[in-house]
Amino acid sequence: MPFEVKDGEPLTERIGVRLTAAEKVRLRADADDAGLSVSELVRRRYFGRKIVAHADEKMIRHLNRIGGLLKHVHTESGGIYSAETARALRQVYAYIDQLANKGADQ
């Protein structure tokens with residue numbers, strides 16, 4: 001079976017790390033939440049790469065949809081609710097930004 005390749009190099013080296021049973025469960029759960037293998041999760045965290053959980057990606061898609069619906073309300077109402085829709089859009093997009101950048105902090 002060929003090894004995965006990162007930055008043009010095959011991932012051939014291994015390291016062993018001792019964990020408690022609870023740490024192992026948490027690590028696997030975090031990897032599952034992010035849709036990554038444990039190895040990829042560890043590499044991303046150690047090397048400071050972004051990790052976005054699948055739940056966050058799904059939420060971002062829904063929030064984008066809500067943003068589109070708010071824009072539709074604004075257009076169809078002739079701007080009657082412009083202050084309200086503008087405020088709601090700012091909140092929606094601020095939350096999208098928060099979710100998208102959360103992985104960089106982990």
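This is a predicted model: local features need pLDDT of at least 70, side-chain atom pairs count only at pLDDT 80 or more; totals for chains, interfaces and linings use all residues.
Me: Which helix gives the largest share of the lining?

Reply: That is H2, with 5 residues. Both helix H1 (21-34) and helix H2 (38-46) supply at least two lining residues each.

Me: And what is the lining like by class?

Reply: Sorted that way, the lining of the largest pocket has 11 nonpolar, 3 polar and 6 charged residues.

Me: Now the helices. At what angle do the axes of H1 and H2 cross?

Reply: Two packed helices are described by the angle between their axes and the distance between the axes. Here the axes of H1 and H2 cross at roughly 90° and come within 9 Å. The two helices are therefore roughly perpendicular to each other.

Me: Which residues make that contact?

Reply: From H1 come Leu27, Arg28, Asp30 and Ala31, while H2 brings Val38, Leu41, Val42 and Arg45. By class, the contact residues divide into 5 nonpolar, no polar and 3 charged.

Me: You named Asp30 and Arg45. How do their side chains meet?

Reply: Good pair to pick! A salt bridge needs a side-chain nitrogen of Lys or Arg within 4 Å of a carboxyl oxygen of Asp or Glu. The side chains of Asp30 and Arg45 form one, at 3.5 Å from N to O. Asp30 belongs to helix H1 and Arg45 to helix H2, so the pair ties together parts that are 15 residues apart in sequence.

Me: How many salt bridges are there by this rule?

Reply: The count comes to 3 salt bridges.

Definitions and conventions. Residues are numbered from 1 along each chain as its sequence is written. Side-chain values use heavy atoms; hydrogens and water are left out. Helices (H or I, at least four residues) and strands (E, at least two) are DSSP runs, numbered from the N terminus. Ala, Val, Leu, Ile, Met, Phe, Trp, Tyr, Cys and Pro count as nonpolar, Asp, Glu, Lys and Arg as charged, and the others, Gly among them, as polar. Axes are lines fitted to C-alpha atoms, for helices over the stretch in contact, and angles run from 0 to 180 degrees between N-to-C directions. Angles under 35 degrees count as roughly parallel, over 145 as roughly antiparallel, 65 to 115 as roughly perpendicular and the rest as oblique. Contact means heavy atoms within 4.5 Å.
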